[in-house]
Amino acid sequence: MGQSTSSRDFATLQHHLIHDNHANRKAMLDFIADDPIYIPRYNMPLEFEREITLQRLKKLGDKGFISVFDFEKNPLNIFAAHEVAGMVDGSMGTKMTVQWNLFGGTVIKLGTERHRHILSGVDNLHNVGCFALTELGYGNNAVEMETTAIYDDDNREFIINTPTTLAQKYWITNSAIHAKWAVVFAQTIIRGQNEGIHVFLVRIREEK
Ligand SMILES: Cc1cc2nc3c(=O)[nH]c(=O)nc-3n(C[C@H](O)[C@H](O)[C@H](O)COP(=O)(O)OP(=O)(O)OC[C@H]3O[C@@H](n4cnc5c(N)ncnc54)[C@H](O)[C@@H]3O)c2cc1C
């Protein structure tokens, strides 16, 4: 028996609503449906939840469903992968956006040639990163943040400092565990002059 008119219409409507990257979305959904690691679980201990979220994400990265290089080749796929991930596991969606969008996206868009070596370790989660913007005292009002990056002329390096309690970086997904790198936003002070907020790539954990 052929497809009924209404199911054909539904498929057409769905195709238009989904808009882009149809093949990748379908492949990602099929992959998730086939692998028991993605079966929803409840009341998990915190450590287990953190680990399974990382493993779920790693499988998606290894299969190439999302890539930091999509920012240069196919930016809509960044959204597509997030939409599928968000339907499956909200924690995985948050961790995905920090790794590929906030961390990887910052490095690929604001980094220079000398930072690009990080990018090869974004998709396979070798270089897990975090995005240190929000401070305890400055959430939406991030422009007032207090973290400083003061240029040390003698040693030709920036010294990053948390001068007050309210300046603590807060809510930083991946920073408590897993992240080796942080992109840190700070008031940039050069020879006594505040040059505004700039971002610094900082190593926060060594290789195990
Ligand atoms: C799951 C999760 C993950 C996160 N991960 C990261 C991360 O990886 N890196 C990172 O840097 N941050 C992260 N954040 C922090 C997030 O960016 C902040 O929570 C956000 O910027 C809001 O800041 P706040 O929580 O301090 O709220 P506030 O800015 O204090 O806002 C509190 C309330 O006041 C209201 N409000 C604030 N300003 C105004 C205004 N001018 N006018 C009217 N109303 C206002 C807000 O709407 C809100 O209801 C994460 C947050 C969550 C929940």
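Author: A residue is called buried when its relative accessible area is under 20%. The model before us is a predicted one, and by that criterion buried residues make up 39% of its 208 residues.

Reader: How many helices and strands does the protein have, and in which pattern do they follow one another?

Author: There are six helices and five strands. Along the sequence their pattern is α-α-α-α-α-α-β-β-β-β-β. The C-alpha trace spans about 80 × 35 × 30 Å along the principal axes of the protein. Of the contacts with a separation of 6 or more, 63% come from residues 24 or more positions apart.

Reader: How should I read the packing of two helices, and what is the case for α5 and α6?

Author: In general, two packed helices are described by the angle between their axes and the distance between the axes. Here, helix α5 (residues 76-88) and helix α6 (residues 90-110) have axes that come within 6 Å and cross at roughly 150°. An angle over 145 degrees counts as roughly antiparallel, and α5 and α6 are therefore roughly antiparallel to each other. Their crossing is right-handed.

Reader: Which residues make that contact?

Author: From α5 the contact takes Ala 81, His 82, Ala 85, Gly 86 and Val 88, and from α6 it takes Gly 90, Met 92, Gly 93, Met 96, Thr 97 and Asn 101. These residues of α5 and α6 divide into five nonpolar, six polar and no charged.

Reader: What is the arrangement of α3 and α6?

Author: The axes of α3 and α6 come within 10 Å and cross at roughly 60°. The two helices are therefore oblique to each other, and the crossing of α3 with α6 is right-handed. On the α3 side one finds Glu 49, Thr 53, Leu 54, Arg 56, Leu 57, Leu 60 and Gly 61, which meet Ser 91, Met 92, Lys 95, Met 96 and Trp 100 in α6. The residues of this contact between α3 and α6 comprise six nonpolar, three polar and three charged.

Reader: How many residues does the largest nonpolar core have, and which of them have the most contacts inside it?

Author: The general idea is that, in soluble globular proteins, nonpolar side chains tend to be buried together. In this model the largest nonpolar core has 41 residues, and those with the most contacts inside it are Met 28, Tyr 38, Leu 60, Val 68, Met 96, Trp 100 and Phe 103. At least two residues of this core are supplied by each of α2 (22-34), α3 (46-62), α5, α6, β1 (129-132) and β4 (181-190). Helix α6 gives the most to this core, with six residues. Met 96 of α6 may be followed through several of these descriptions: Met 96 belongs to the contact with α5, meets α3 as well, and is listed among the core residues with the most contacts.

Reader: Which residues have a positive phi although they are not glycine, and where are they found?

Author: As a general rule, most residues other than glycine have a negative phi. Here, His 19 has a positive phi of about 80°, and Trp 171 has one of about 70°. His 19 is found in the loop between α1 (5-18) and α2, whereas Trp 171 is in the loop between β3 (157-161) and β4.

Reader: Is His 19 buried or exposed, and is Trp 171 buried or exposed?

Author: A residue counts as exposed when its relative accessible area is over 50%. His 19, at 55% relative accessibility, is therefore exposed. Trp 171 has a relative accessible area of 74% and is likewise exposed.

Key:
Residues are numbered from 1 along each chain as its sequence is written. Side-chain values use heavy atoms; hydrogens and water are left out. Axes are lines fitted to C-alpha atoms, for helices over the stretch in contact, and angles run from 0 to 180 degrees between N-to-C directions. Helices (H or I, at least four residues) and strands (E, at least two) are DSSP runs, numbered from the N terminus. Angles under 35 degrees count as roughly parallel, over 145 as roughly antiparallel, 65 to 115 as roughly perpendicular and the rest as oblique. A crossing is left-handed if the near helix is turned anticlockwise from the far one by less than a right angle, and right-handed if clockwise. Contact means heavy atoms within 4.5 Å. Ala, Val, Leu, Ile, Met, Phe, Trp, Tyr, Cys and Pro count as nonpolar, Asp, Glu, Lys and Arg as charged, and the others, Gly among them, as polar. A nonpolar core is a set of buried Ala, Val, Leu, Ile, Met, Phe, Trp, Tyr and Cys residues joined through side-chain atoms within 4.5 Å. Buried means under 20% relative accessible area, exposed over 50%, partly exposed in between (1.4 Å probe, protein chains only).
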